[in-house]
Amino acid sequence: MYQSHYFLKTQYSAPKNEVSRNAQLLEQAGFISKLMAGVYTFLPMGWRVLKKIEGIIRVEMNKAGGQELNMPALHPIENYITTGRQDIDIIFHLQSKSEKKMVLGQSHEEIIVPLVKKYLTSYRDLPLYLYQIQTKFRDELRAKSGILRTREFIMKDLYSFHAEQSDFEKYYSKMKKSYSNIMNDVGLGNITYLTAASGGTFSKYSHEFQTVTENGEDTIHLCRNCKTAVNDEIFDKKNSCPECGNKEMEKKKSIEVGNIFPLQSNFSDKFHLTFTDKQGKQRPVIMGCYGIGLGRLMGAVTEIHNDKDGILWPKSLTPWQVHLLSLGNDESLDIEAKKTYEILKKNNIEVLYDDRQESAGKKLKDADLIGIPIRLVVSNKTKSSIEIKYRNKSSAKLQSLSQVTKEVKEYYQ
RNA sequence: CGGGGAGUGGCGCAGUGGUAGCGCACUCGCUUUGGGAGCGAGGGGUCGCAGGUUCAAAUCCUGUCUCCCCGACCA
């Protein structure tokens with residue numbers, strides 16, 4: 001991609017109306033743009049990052065047997081009357097000109113349970129795992145912290161259906177593993193903890209994945225011993241770890257990047273979702289649900305991976321794999337840079353090529369701000385070779401084009 | 001929803017009653033290119049919105065909307 005034609009403008013300073021680090025960086029660097037409080041546009045470069053997150057999640061969900069579908073965001077109010085959730089305060093209510101009352105989906109239990117009821121009849125149909133990656137709406141009283149808490153966001157929500165409690169429990173554990181794989185893949189593995197949490201309206205308990213950071217909006221109590229945590233909302237005064245009994249729990253601020261719930265038969269009961277077992281008896285389906293907010297995950301990654309000059313994307317999420325800069329305006333440089341660009345592209349490397357008529361300083365500053373892991377420079381100083389520098393290192397080295405290509409491919413393998 | 005702060009060109013800001021300004025960005029020209037270049041010439045704003053006071057309002061008064069932060073809330 002030629003940067004001179006890319007819908008990307010960085011800003012000299014962080015937006016004054018944002019205080020949170022993620023919003024400052026992502027807006028200044030041209031990843032997102034705010035429409036109103038808690039509602040953001042993902043600009044082309046931000047959308048690429050989001051798509052990479054989506055891809056990582058999709059791989060894990062498919063590995064866990066998930067089948068992807070897509071459910072509507074417009075829901076009939078009747079389904080919420082059935083579950084008694086029509087009045088929960090985060091729901092956006094709508095009324096059609098035809099007088100029909102609807103709500104905007106904030107989660108999809110009310111939709112997927114009746115859907116599954118239509119097709120599921122026998123124990124032979126179980127277990128079943130369905131998921132989607134789709135837009136949710138929540139009328140938060142106060143949107144805040146940039147893209148960490150928004151009113152419209154893309155979420156992966158998977159719902160599992162089981163005949164037996166034991167089967168559910170096995171899958172619930174499997175999902176914990178899938179979630180920690182995802183956290184590892186997006187570069188949050190070593191600071192994200194499985195956290196015991198409250199269950200909400202339809203569940204006795206739940207588990208969250210909490211990323212520890214000063215700028216978090218949640219509070220957890222962390223056990224260094226078994227690498228798990230307890231959410232402050234259910235933290236016991238006895239002050240010990242429920243997993244291993246460790247008394248030395250550390251209080252930390254954190255961001256909730258994922259949440260999984262045992263729903264038991266709460267929703268199945270409301271919609272009479274049952275199956276016929278081997279003995280020919282009708283029994284309620286046992287359910288679980290498993291959510292991850294994609295934008296919030298992107299915000300959390302930004303909060304963690306940055307320095308005074310800008311963002312440092314993990315290799316799995318970077319919008320482009322290399323940022324190629326040409327410094328100087330000689331025609332020979334231009335030819336050299338274009339050749340480099342073409343060769344990298346031929347090797348299936350994603351290249352953002354800064355071909356703009358800008359000063360060297362501006363290009364270098366922008367590259368740091370945007371935060372692509374590998375920066376390549378072609379200039380009068382590099383002569384016929386290419387400078388390669390990693391965003392997280394201060395030193396650079398000169399290499400031939402073929403060496404550079406090889407090194408980049410190996411880095412992203 | 002309670003408390004606090006803020007709305008003036010795309011971005012960041014100054015301007016306390018008398019013709020709307022500055023820096024960056026943008027356009028044109030020339031020179032420049034390893035850490036946000038220089039000189040010259042330009043374009044762009046009903047000062048969030050609505051009322052009111054006044055000869056005169058970005059500025060004073062009233063109302064209202066929006067944004068940010070703290071709290072409450074948070075399937």
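Tutor: Gly295 is buried, as its relative accessibility is 9%; buried means under 20% relative accessible area, exposed means over 50%, and partly exposed lies in between, with a 1.4 Å probe and protein chains only. This is a predicted model, in which local features need pLDDT of at least 70 and side-chain atom pairs count only at pLDDT 80 or more, while totals for chains, interfaces and linings use all residues. Residues are numbered from 1 along each chain as its sequence is written, chains are lettered from A and ligands numbered from 1 in the order in which they are written, and side-chain values use heavy atoms, with hydrogens and water left out.

Gly295 belongs to helix α7, which covers residues 294-304. Helices (H or I, at least four residues) and strands (E, at least two) are DSSP runs, numbered from the N terminus. Leaving aside residues up to four places away in sequence, Gly295 touches Phe42, Leu50, Ile147 and Ile154, where contact means heavy atoms within 4.5 Å. Between Gly295 and Ile53 there are 8.9 Å in space, C-alpha to C-alpha, although the two are 242 residues apart in sequence.

Helix α2 (residues 44-63) deserves attention next, together with helix α5 (residues 165-185): their axes come within 10 Å and cross at roughly 155°. Such axes are lines fitted to C-alpha atoms, for helices over the stretch in contact, and the angles run from 0 to 180 degrees between N-to-C directions. The pair α2 and α5 is therefore roughly antiparallel; angles over 145 degrees count as such, those under 35 as roughly parallel, those from 65 to 115 as roughly perpendicular, and the rest as oblique. The residues of α2 that meet α5 are Ile56, Ile57, Glu60, Met61 and Lys63, and their partners in α5 are Met175, Ser178, Tyr179, Asn181, Ile182 and Asp185. By class, this contact of α2 with α5 holds six nonpolar, two polar and three charged residues. Here Ala, Val, Leu, Ile, Met, Phe, Trp, Tyr, Cys and Pro count as nonpolar, Asp, Glu, Lys and Arg as charged, and the others, Gly among them, as polar.

Other salt bridges lie within a single helix. Glu336 pairs with Lys339, with the closest N and O atoms 4.0 Å apart; both lie in helix α8 (residues 331-346), three residues apart, about one turn of the helix. Glu336 is buried at 17%, whereas Lys339 is partly exposed at 45%. Lys362 pairs with Asp366, with the closest N and O atoms 3.5 Å apart. Lying four residues apart in helix α9 (residues 360-370), Lys362 and Asp366 are separated by about one helical turn. Lys362 is partly exposed at 31%, and Asp366 is buried at 5%. Elsewhere, salt bridges that share partners join Glu140, Lys144, Arg149, Glu217 and Arg296 into one network.

Definitions and conventions. Salt bridge = Lys/Arg side-chain N within 4 Å of Asp/Glu carboxyl O.
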